[in-house]
Amino acid sequence: MKYILLMSGTKAGVDGYLAWSQKDIDAHMAVLKALNKELTESGEFVATQRLAGPAEAKVVRGEKNGLPVTDGIFPESKEFLLGYWLVDVATPERAYAIAARISTGPGPGGVPTNMPIEVRQVASYDQRKS
Amino acid sequence: MKYILMMNTMKAGCGVPSWPQKDLQAHIAFMLALNKELHAAGELVSAEGLSFPDQARQVRAGKEGKPITDGVFPESKEFLAGFWIIDVDSPERAYAIAAKISAAPGAGGAPLNMPIEVRPVMSAPPKEML
Amino acid sequence: MSKPWDETCEHLLRELAPQILGVVARRFRDFVSAEDAVQEALLAAFTQWPQEGIPENPRGWLIQVASRRITDQLRSTIARREREELVAREAETIAPLVGLESDMDPDDTLILLFMCCHPALTSSSAIALTLRAVGGLTTAEIANAFLVPEATMAQRISRAKQNIKASGVPFLMPSSEERAQRLPTVLHVLYLIFNEGYTSSIGPHLQRLDLSREAIRLTRAVRALLPNDGEVLGLLALMLLTDARRSARTGPHDELIPLDQQDRTLWDQAEISEGTRLLTAALSKGSVGMYQLQAAVAAVHDEAARAEDTDWPQILALYELLMRISPSPMVTLNHAIAAAMVHGPAKGLELLKTLDSDNRLAEHYRLDAVRAHLFEKVGNSASAIKHYRIAAAHTTSTPERNYLMSQAARLDQS
């Protein structure tokens, strides 16, 4: 069963993250790297992506003639997606357990961030066979 | 350059829309054709539709890293309904694809004009450091 | 006696692929069909040779199989009259296999390169097709290198071939005038491949192909065919002189290490020697081009035993030349850094102001990163920290973002 694990944040949160100390950055990266390695070895890893910050975001609508209209405005308090993991697991409980691991990732001073990770099941829709 | 194109919806707007079946089928056909086109162009990296928010769970780590799941979200929260990861040669091409998605047909066959969020995926190789 | 299959056999196939493609494409005057047929022949080799051992004449085997594939395909789609013509041609093909082999023209690889790097193709298409047709890589290997699904890469390659077919370009060596015009595109594609590979990749895709090595290998092939072209020599020199530093570029936790802090004992002296030799040969040709100048800058860095020994005035002079013959915002940025090293950081900051209004600086975060670096040198920590963080928020490279954040963190703590 495929699940997506979503990590979100706000602009204030990201600004805080950009100000972490070297040690905290390294510790955080090490935990994520170890998790990815583990998931790869267990065969549960499908994909993970980190997304660029809201400074790089655009919201696009289609205009009447089909041309894109872009708008780069992002309210300060708006939550946005920071990144995700796609995993293929046997049970929803396993998906929640992996999410909990991500949630215990260390933040400033090595304290677990305890951030909420949203877990959603993915509709199976294999693009590769067409 | 890889981009993520995100389709967000409000909780209230989620679920199977109450359009006539003909319109629903037109919408689905539109999305399938779009994905096929992106795949044929060698631009589609992945496309996923997510299950509806009533099945979403928020997970935090509790005692000893055990997951605590919660299915209650604020009414104002935006949910990711689906996303595309594309690999294109310019941001303009990413916006053009987003505009197309935005114009997907809805009730009565009229373009939905949904806002599609476009953001780069962290994927560039690092440049030579000073 | 046939040889048993081993690792070197994959290398053999990779070397032979473009040669076979050249022969077959020329014989049947159809690059696209030839490419398809050669891929099938390679697949057949991959499946059969491990079981049966390598044939005594692997090249001949592949040519024969590929030729048969094309004629089979053509046979099913053409009229009887043409079919007879084809049978005659096929007899020609199969009988004197030796004759066909001596048909092999080293220029075929060059023709292939010109086709794959056709200006009608986008960079990503040209890169994919070049790696496939000239590099002999499998679609899976290329997909893995660029972190896209195999099916996506297959489509990209397929589309590229269709575009070439639609453009009607014949499988012939372009005129020398056309060659002069199109060679820069070929070199640019090779340069892009090198750059894409110039990152030690981390993450779950642990078996990523070394694109930098591929780029160097392909550029060597071009150099063998065009031994007197200054820019070809310059590009190869640039790649070697840059690649020489790869072991020193990243730390134990995959963090980026800037040039002035690298452990220079880890630099590859053999590559530096070769790169420098090639550069000298290139410059002796008289003309001076963009790759040669960039290689010269790399050479000046590489010849310094310690960072403080770097001949910055020479680098500054080289960037001044580059600004004249190949101006770009990146060149201006690098020029400002060199000027700062020679005339002081304040001078560098001043030069950066000219870029503030430049819309072409697509990667504006680089401007903030350089600015931050210079503010630090001037002693303005607050501004340096601010600009490092702005740059970190805008880069789309994770290793780079981590590096910029670390720089800010370092200053913030002191």
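**Strand pairing and chain contacts in a predicted model**

In chain A, strand E1 (residues 2-9) and strand E6(A) run antiparallel and are joined by five bridges. Within this pairing, Met7(A) has Ile117(A) of E6(A) as its bridge partner. The model described here is predicted, and the positions discussed below are to be read as features of that prediction.

Strand E6 of chain A, which covers residues 117-123, also pairs with strands of chain B. With E2(B) the pairing is antiparallel and extends over two bridges, and in it Val122(A) stands opposite Leu50(B). With E3(B), E6(A) is joined by three bridges, again in the antiparallel sense, and here the bridge partner of Val119(A) is Arg57(B).

The contact between these two chains involves 42 residues of chain B and 39 residues of chain A. On the side of chain B that touches chain A, two or more residues are given by each of strand E1 (2-10), H1, E2, strand E3 (57-61), strand E4 (67-70), strand E5 (78-87), helix H2 (91-102) and strand E6 (116-120) of chain B. When the residues on this side are sorted by class, 23 are nonpolar, eleven are polar and eight are charged.

Helix H2 of chain B, one of the elements that contribute to this contact, has twelve residues and reaches 16 Å from its first C-alpha to its last, close to the 16 Å expected at 1.5 Å a residue. The buried residues of H2(B) are Ala94(B), Tyr95(B), Ile97(B), Ala98(B), Ala99(B), Ile101(B) and Ser102(B). An α-helix has 3.6 residues a turn, so residues three or four places apart point the same way. The buried residues of H2(B) pack against E1, H1, E5 and E6 of chain B, together with strand E3 (58-62) and strand E4 (68-71) of chain A.

Chain B is also in contact with chain C, through 17 residues from chain B and 28 residues from chain C. On the chain B side of this contact, the elements that give two or more residues are helix H1 (21-40) and strand E2 (44-50), and by class this side has eleven nonpolar, three polar and three charged residues.

Chain C has 21 helices and zero strands. Of its 414 residues, 46% count as buried, and among the contacts in chain C with a separation of 6 or more, 62% are accounted for by residues 24 or more positions apart.

Two packed helices are described by the angle between their axes and the distance between the axes. In chain C, the axes of helix H1 (residues 7-28) and helix H2 (residues 31-52) come within 9 Å and cross at roughly 150°, and the crossing of H1(C) past H2(C) is right-handed. Residues making this contact include Leu13(C), Ile20(C), Val24(C) and Phe28(C) of H1(C), as well as Phe31(C), Glu35(C), Val38(C), Leu42(C) and Trp49(C) of H2(C). By class, the residues of the contact of H1(C) with H2(C) comprise 16 nonpolar, one polar and one charged.

Terms used
Residues are numbered from 1 along each chain as its sequence is written. Chains are lettered from A and ligands numbered from 1 in the order in which they are written. This is a predicted model: local features need pLDDT of at least 70, side-chain atom pairs count only at pLDDT 80 or more; totals for chains, interfaces and linings use all residues. Two residues are in contact if their C-beta atoms, placed from the backbone, lie within 7 Å. Helices (H or I, at least four residues) and strands (E, at least two) are DSSP runs, numbered from the N terminus. Ala, Val, Leu, Ile, Met, Phe, Trp, Tyr, Cys and Pro count as nonpolar, Asp, Glu, Lys and Arg as charged, and the others, Gly among them, as polar. Two strands pair if DSSP finds at least two bridges between them. The expected span of a helix is 1.5 Å times one less than its number of residues. A residue is buried if 20 or more other C-beta atoms lie within 10 Å of its own, exposed if 12 or fewer, and partly exposed in between; C-beta atoms are placed from the backbone. Axes are lines fitted to C-alpha atoms, for helices over the stretch in contact, and angles run from 0 to 180 degrees between N-to-C directions. A crossing is left-handed if the near helix is turned anticlockwise from the far one by less than a right angle, and right-handed if clockwise.
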